[in-house]
2 protein chains.
Amino acid sequence: MTTVIPPTRRERLRAATLSEIKDAARRMLVTGGATAISLRAIARDMGMTAPAIYRYFDNLDALVGALATDLFDEARQEVEAASEAVADGSARERMIAMARAFRAWSVAHPAEFGLLFGNPVPGGQSVQRACAGATDAGARFGAVFLATLAEEWEREGFVTPPAELIEGRLGPHLEPYREAHGPDLPLEVIYVFLAGWTLLYGLVAMEVFGHLQWALSDVTPLFELELERFLNLLAPPAAA
Amino acid sequence: MTTVIPPTRRERLRAATLSEIKDAARRMLVTGGATAISLRAIARDMGMTAPAIYRYFDNLDALVGALATDLFDEARQEVEAASEAVADGSARERMIAMARAFRAWSVAHPAEFGLLFGNPVPGGQSVQRACAGATDAGARFGAVFLATLAEEWEREGFVTPPAELIEGRLGPHLEPYREAHGPDLPLEVIYVFLAGWTLLYGLVAMEVFGHLQWALSDVTPLFELELERFLNLLAPPAAA
DNA sequence: AGCAGTCGTGAACGCCGTTTACTATGCCTA
DNA sequence: TAGGCATAGTAAACGGCGTTCACGACTGCT
């Protein structure tokens with residue numbers, strides 16, 4: 001049991017200012033992309049001067065990193081909520097809901113998606129860091145998908161590429177991640193997770209970044225069809 | 001036959017300066033990302049002053065757009081060269097070579113990849129424009145892949161999702177693109193092209209942007225395995 | 001020879017991140 | 001309750017940025 005320290009007045013004010021800064025930063029992210037976030041504009045927005053923000057963040061990069069961490073959590077919560085909304089469904093149905101929720105959030109928040117999943121912002125080492133460690137927001141995000149896939153694996157199982165193929169080629173490079181995130185799972189499941197995440201990422205990133213505009217007026221059918229195809233590959237072993 | 005106009009001295013100088021500007025811009029793109037491209041730094045590099053560049057480009061955004069067009073062409077030529085290097089192989093073999101070449105170029109030139117295929121740069125409307133029109137560099141880039149896939153289709157054929165599935169759902173949104181780029185091809189082939197391009201893009205973008213670092217120390221096996229899986233799906237209809 | 005278009009400069013405006021020195025103010029402790 | 005310290009803010013300054021403008025020099029054509 002953690003001792004509850006009643007927040008002092010100063011601490012409350014500090015927390016409020018901190019989130020006010022991040023709110024303003026997000027507003028600028030939305031309207032002009034990551035590079036439109038400026039300390040001076042935030043300060044102006046808040047009726048302050050720019051150097052004051054250095055009492056709250058080491059520099060602009062750190063602020064953007066903190067914002068990225070928040071956004072990772074927001075996206076994850078969105079995906080988790082979608083999964084829980086069909087909690088009584090199969091793992092397969094929940095994965096569909098999660099994928100759709102991820103796409104919906106990304107399309108609704110293109111600037112945020114760009115910050116989290118796009119081009120690393122120059123000097124934006126903080127965003128990278130927010131995604132690197134196993135305990136960090138980015139990894140926790142992937143874990144939601146992996147957990148559901150693992151459940152499907154344990155309950156029903158599904159066909160995967162031959163184990164020896166994956167062991168031999170991917171094994172050495174994948175082993176550290178497996179140990180950290182799914183020590184109980186065989187490498188094939190980790191592989192299917194990566195393949196699925198890559199497919200989902202590719203579809204959503206292409207759409208959000210506008211790289212499909214020249215080909216498709218509405219990406220929904222392509223997304224749904226590809227999602228279906230991927231999950232059909234995850235047929236229970238009996239059906240194979 | 002086009003009349004050959006001998007370039008005047010002024011025209012030669014202008015062309016030289018123009019490419020010198022773009023060379024400097026690319027150097028900065030490589031070292032610090034798209035936002036590191038600055039008119040003042042370029043001018044300093046060339047022993048000029050910044051306003052002089054406005055004689056060659058309307059503004060910074062236009063410069064970046066022109067650079068993007070060049071890079072699209074460079075990447076396309078790289079992919080085409082890889083295809084021609086195995087010109088006597090099957091279309092399938094050529095597609096493997098092209099995909100590998102695309103990955104190799106992207107990994108070797110992450111900043112350039114980021115500019116072309118990543119987050120739209122804020123204010124970087126020019127990059128978008130360079131990719132939009134059917135005759136533009138970005139579309140020509142995709143056309144290389146589509147052409148090879150079409151050849152495989154006409155020569156051998158391959159299984160696709162059922163035509164009526166694609167017609168009904170994707171048809172209306174895909175028809176404009178088909179008319180512009182492959183009026184002789186059925187919608188299923190266009191669909192397979194998009195699916196393959198999405199897979200390739202997802203794999204390469206994840207790797208280049210560092211979004212696979214937390215999972216994989218070397219992406220090559222995953223890339224090769226996924227490439228294989230995709231092409232195995234393109235089995236000739238007899239084998240199905 | 002003269003004229004127009006081209007190419008470049010220098011100064012200026014208003015942005016930006018960041019550092020420094022300095023001032024209030026809230027809060028804890030003696 | 002008075003003193004002192006950490007906290008939170010300010011103004012000024014530095015160097016960098018894109019962009020505009022007025023102005024020269026030079027090229028090339030008539």
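Start with the largest nonpolar core: select F193(A) and F193(B), which touch the most other members of its 127 residues. A nonpolar core here is a set of buried Ala, Val, Leu, Ile, Met, Phe, Trp, Tyr and Cys residues joined through C-beta atoms within 7 Å. Buried means that 20 or more other C-beta atoms lie within 10 Å of the residue's own; exposed means 12 or fewer, partly exposed anything in between, with C-beta atoms placed from the backbone. In soluble globular proteins, nonpolar side chains tend to be buried together.

This is a predicted model: local features need pLDDT of at least 70, side-chain atom pairs count only at pLDDT 80 or more, and totals for chains, interfaces and linings use all residues. Residues are numbered from 1 along each chain as its sequence is written, and chains are lettered from A and ligands numbered from 1 in the order in which they are written.

Stay on F193(A). Beyond its neighbours within four places in sequence, F193(A) contacts F145(A), L146(A) and L149(A). Contact means C-beta atoms, placed from the backbone, within 7 Å.

Now show all of chain A. Its secondary structure is ten helices and zero strands. Both are DSSP runs numbered from the N terminus: helices are H or I with at least four residues, strands E with at least two. Of the 240 residues in chain A, 39% are buried. Take the chain A contacts between residues at least 6 apart in sequence: 65% join residues at least 24 apart.

Next, select the contact between the chains. It takes 43 residues from chain A and 42 from chain B. On the chain B side, the elements giving two or more residues are α5 (110–117), α6 (125–132), α7 (137–155), α9 (171–181), α10 (187–208) and α11 (220–233). The largest share, nine residues, comes from α10(B). Colour this side by class: 25 nonpolar, 14 polar and three charged residues. Ala, Val, Leu, Ile, Met, Phe, Trp, Tyr, Cys and Pro count as nonpolar, Asp, Glu, Lys and Arg as charged, and the others, Gly among them, as polar.

Move to DNA strand D. Of the 21 residues around it, T49(A), R9(B), S38(B), P51(B) and N59(B) come nearest. A residue is near a strand if its C-beta atom, placed from the backbone, lies within 6 Å of it.

Finish at DNA strand C. Select R9(A), S38(A), R40(A), N59(A) and T49(B), the nearest of the 21 residues around it.

Key:
Two residues are in contact if their C-beta atoms, placed from the backbone, lie within 7 Å.
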